[in-house]
Amino acid sequence: MGGIRKIDNIVLIRLSDMDSNIYLIDDTVIDSGTGFNFTRLFQALKILKVDVKSINHIINTHGHFDHIGGNGYFVNADIAIHEADAEIVENGDSEKSYADFYDGRLSPREVKTRLKEGDSIKVDAMDLEVIHTPGHTPGSICLYDSKSKTLFTGDTIFCDGIGRTDMPGGNEEQLKSSIDRLASLEVRRLLPGHGDAVVLDSPKTVAEVMASPPSSEEED
Ligand SMILES: [Zn+2]
Ligand SMILES: [Zn+2]
């Protein structure tokens, strides 16, 4: 499994079932995968004619290894992550990141921006609003651009279900209230941390999408 899918100005790179989705937008990536499959990552970037050194920013949706393990491959990128998960990155915490489970090694990295609820991050034409959605981890975030109705959900929700709470930092009650917060948001593009994206012709609420996930094309 793997592939590249272009969704307007957003490129979805999937390296393997283990890696998080990597979203490439202009000079920013959202999540970086495990770092195990860097050959595939570099192949994908080559196909896209993107130099890895031209990536200036990484936004991590949360501090799990499958989303942050590849941060180091983007040598010129600074890192933004919610303040509640920032220490996982800064300490290279193998327990809280779940790196041990993946047999991965995490090097400590500096966090440039500790994100908070309501922060806004300009990426290309999008103004991504940080929505703090704890539950999967204490510092899980979703990112929402209200203009294009684009929602990056990390591991909080997927196109066919909700995130796990049985991993380090998980809390079922928090996840429930986070999902309640997202439910009324209008989305045209729901871009999760794993699995395929959903792209709709007309906006629906997250609750509607979750109730009946539209079939979306598989690509490769
Ligand atoms: Zn994940
Ligand atoms: Zn996760």
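This is a predicted model: local features need pLDDT of at least 70, side-chain atom pairs count only at pLDDT 80 or more; totals for chains, interfaces and linings use all residues.
Which helix holds the place of Val-209?

1. Residues are numbered from 1 along each chain as its sequence is written, and chains are lettered from A and ligands numbered from 1 in the order in which they are written.

2. The chain has 5 helices and 15 strands; helices (H or I, at least four residues) and strands (E, at least two) are DSSP runs, numbered from the N terminus. The radius of gyration is 16 Å, close to the 17 Å of the globule rule for 220 residues, so the chain is as compact as a globular protein of that length. That radius is taken over C-alpha atoms, and the rule is 2.2 Å times the number of residues to the power 0.38. The C-alpha trace spans about 40 × 40 × 30 Å along its principal axes.

3. Of the contacts in the chain with a separation of 6 or more, 55% are between residues 24 or more positions apart. Two residues are in contact if their C-beta atoms, placed from the backbone, lie within 7 Å.

4. One open sheet has 7 strands in the order 1-2-3-4-5-6-7, with mixed pairing; two strands pair if DSSP finds at least two bridges between them. Its edge strands are strand 1 (3-7) and strand 7 (113-115), each pairing on one side only. Strand 1 pairs with strand 2 (residues 10-14) in the antiparallel sense over 5 bridges, and Arg-5 stands opposite Leu-12 in strand 2.

5. Another open sheet has 6 strands, ordered 8-9-10-11-14-15, again with mixed pairing. Strand 8 (120-123) and strand 15 (198-205) are at the edges with a single partner strand each, so one side of each is left without a neighbour in the sheet. Strand 11 (residues 150-154) and strand 14 (residues 186-192) run parallel and are joined by 4 bridges. The bridge partner of Gly-154 in strand 14 is Pro-192.

6. Val-209 has its place in helix 5 (residues 206-211). Val-209 is buried, with 21 other C-beta atoms within 10 Å; a residue is buried at 20 or more such atoms, exposed at 12 or fewer, and partly exposed in between. Not counting residues up to four places away in sequence, Val-209 touches Val-187, Leu-190, Val-198 and Lys-204. The C-alpha atoms of Val-209 and Cys-159 are separated by 7.5 Å, although the two residues are 50 residues apart along the chain.
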